[in-house]
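Have the sequence and the 3D view open as you read.

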Amino acid sequence: MRHSTRLRIGPIGFRIGCDWRAPIDEIEHLYRDYPQPDDGIPDFNVHLFAARPWRRFARPSVHIGGDFVIPDAAPLPLSMGLLAAEMGMNLQMALGQRRYLLLHASAAERDGKALLMSGISGAGKSTLAALLMARGWRLMGDEFALVDPATGLVHGFPRLVSLKNEALPVVAAALPDARFGAVMEGTPKGTLRHLVPDARAIAAMTEPATPALLIFPRFGFEGAERQMMPSETFVRLTQASTNYTNLAERGFDALTRLVQTVPSHAIDYPDTDTAIAQVERIWSAL
Amino acid sequence: MNGALLTRALRDPASTATLDAAGWTALLAIARAEQLIGTLAHRLDGLPKPAAARRVLEDAMASAEQGRIVALWEAEMARRALAGTGIPIVLLKGTAFAAAGLSPSPGRQIGDLDILVPRDRIDDAEAAILASGWEWVKPDPYDDAYYRQWMHELPPLIHRERDRMIDVHHTILPLTATITPDAAAMLKDSEPLENGLRILNPNDMLCHAAAHLFADGDLAGGLRNLWDIHCLIEEFGMDGLEARARHHGLLAAMRRATRQAHHHYGTEIPASWQGWDSLDPLYARRLLARDGWGRQSRKLTRMAFYIRSHAIRMPPAMLARHLWTKYRKGYRPVG
């Protein structure tokens with residue numbers, strides 16, 4: 001590929017190749033404090049390419065591929081090259097990750113213990129993780145938490161935090177000194193902007209944590225909380241994992257252990273202040 | 001950087017000792033693209049390598065092992081589906097290697113379940129499979145009719161709960177191809193496994209692999225197919241292979257397969273089988289068409305083989321009609 005870069009996020013190394021220079025520059029700028037893949041050998045490759053040679057110049061649109069691909073992945077305009085790279089990395093993880101049980105969850109750490117927040121898109125995973133980071137938690141990631149089947153520990157995946165729509169001003173106010181990427185309007189998920197995790201999150205990104213609490217947040221409802229049965233948590237997490245089936249017995253054992261050792265709560269919240277207060281209260285009562 | 005990086009590592013695992021980070025990165029990407037990463041992992045098992053490469057390869061091994069279990073379970077499901085019919089079921093390709101523990105099996109990625117049944121029982125087989133939860137994949141009536149009239153297999157079926165595909169073959173090559181292997185003889189001389197399922201005898205396995213590599217298709221994924229051929233020859237030798245391949249009309253394909261296996265993997269074959277013909281370099285070029293990112297390279301070569309794959313499948317007038325119909329339906333070749 002014409003241009004390329006390498007980086008490591010948590011324990012996972014990537015090589016990203018691109019037909020255009022600009023997205024690589026943007027990645028290298030925002031990920032400048034991230035390390036290289038272990039031994040210089042990435043776990044996954046991402047390809048950002050033009051469907052036809054002339055489409056590098058005429059109406060350029062970025063197709064997303066890599067070691068693992070899904071048919072019919074829609075291309076993005078060149079101005080959203082960074083988003084394409086992020087989607088490409090997530091896609092490799094979702095389709096190809098076999099070392100860790102992959103949970104679609106954000107994660108934050110305090111005192112060596114990890115809080116995992118899982119839910120559908122729009123539930124507030126990324127926003128709440130960013131706000132916890134602003135309050136002194138170590139950010140472990142806003143998209144995937146990696147459970148090691150051998151140890152039961154959670155490994156972080158602190159890539160750029162992807163903030164959307166109403167969350168943008170909220171997080172910008174909470175983290176006035178943070179670094180952000182360009183504002184992208186009209187993405188498939190509306191207005192989107194990437195937040196660079198703080199220095200501590202990057203420095204400690206390979207340190208795993210013991211899972212201590214699972215939260216299933218829901219935005220847009222009156223404040224409410226309830227504790228969940230391990231059985232319900234188990235079922236919800238099988239749906240929140242893209243590789244649970246592929247890991248087979250290892251996945252089953254890892255998930256069973258997780259839901260049996262870690263308490264789990266569902267919270268509904270009307271605004272982020274309420275949610276953060278709920279999370280902190282449940283955490284301190286552990 | 002091309003597929004030779006992978007063939008060298010498979011042929012001589014110790015040669016990977018000299019790879020640098022860029023070499024390992026390319027090797028892993030190419031092996032993954034050729035669906036040979038699990039095989040590579042087994043070949044390199046126990047050899048010194050960078051920790052990051054070892055992790056990737058260990059994951060590939062675990063993944064292949066899980067795939068093997070799933071494939072064998074799928075074969076058992078097919079056995080149960082057809083148990084009442086008395087139809088003999090011959091497992092083909094990856095599932096056969098796994099079920100019989102043959103040498104291509106360690107780390108081999110297994111895709112769909114491929115089985116061979118007698119052509120005169122194909123309607124019974126179809127009814128039994130449909131009754132056991134498999135459904136049509138191709139909703140298009142043209143595709144369906146095309147398969148039924150001209151292909152060597154039923155239109156592909158997928159199991160509605162397990163989401164696994166089964167290809168039910170009744171012949172080896174499409175009915176439109178000029179070569180017509182003797183599928184009845186393959187069935188008759190197949191060998192039983194303990195559970196009642198069957199596999200082809202070694203020479204027929206080789207003939208089947210060669211047929212699919214060189215008498216059908218555009219050689220996409222050919223390195224894996226060729227590795228199967230290499231392993232089977234190393235395991236079973238070539239006694240009687242020439243006569244059997246001639247009987248099936250596959251001697252030319254078989255000879256090309258052994259030459260290419262010898263060239264890429266160092267397969268031991270008799271000197272009389274070794275002469276390199278004028279087209280062999282082109283085939284070798286097609287087989288190795290990967291770049292250091294695992295992407296397909298050598299566009300013109302690939303295009304030539306794509307056209308060839310259609311030309312050997314059907315006579316020109318029929319090909320023209322087929323492509324016209326496909327074109328009107330808005331079909332575009334992948335690439």
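This is a predicted model: local features need pLDDT of at least 70, side-chain atom pairs count only at pLDDT 80 or more; totals for chains, interfaces and linings use all residues.

Residues are numbered from 1 along each chain as its sequence is written, chains are lettered from A and ligands numbered from 1 in the order in which they are written, and side-chain values use heavy atoms, with hydrogens and water left out.

**Where the chains meet**
- On chain B, 20 residues are in contact with 25 residues of chain A (contact means heavy atoms within 4.5 Å).
- About 1,900 Å² is buried between the two chains, with 53% of that from carbon and sulfur atoms (buried area is the accessible area, 1.4 Å probe, that two parts lose on being put together, summed over both).
- Arg32(B), Arg55(B) and Trp293(B) supply 38% of the area that chain B buries against chain A, more than any other three residues.

**Salt bridges**
- Four salt bridges link chain B and chain A (a side-chain nitrogen of Lys or Arg within 4 Å of a carboxyl oxygen of Asp or Glu).
- One of them joins the side chains of Asp67(A) and Arg32(B), at 3.1 Å from N to O.

**Helix H8 of chain A**
- H8(A) covers residues 272-284 (helices are DSSP runs of H or I, at least four residues, numbered from the N terminus).
- Among its buried residues are Ile276(A) and Trp283(A) (buried means under 20% relative accessible area, 1.4 Å probe, protein chains only).

Technical notes. Helices (H or I, at least four residues) and strands (E, at least two) are DSSP runs, numbered from the N terminus. The expected span of a helix is 1.5 Å times one less than its number of residues. Buried means under 20% relative accessible area, exposed over 50%, partly exposed in between (1.4 Å probe, protein chains only).
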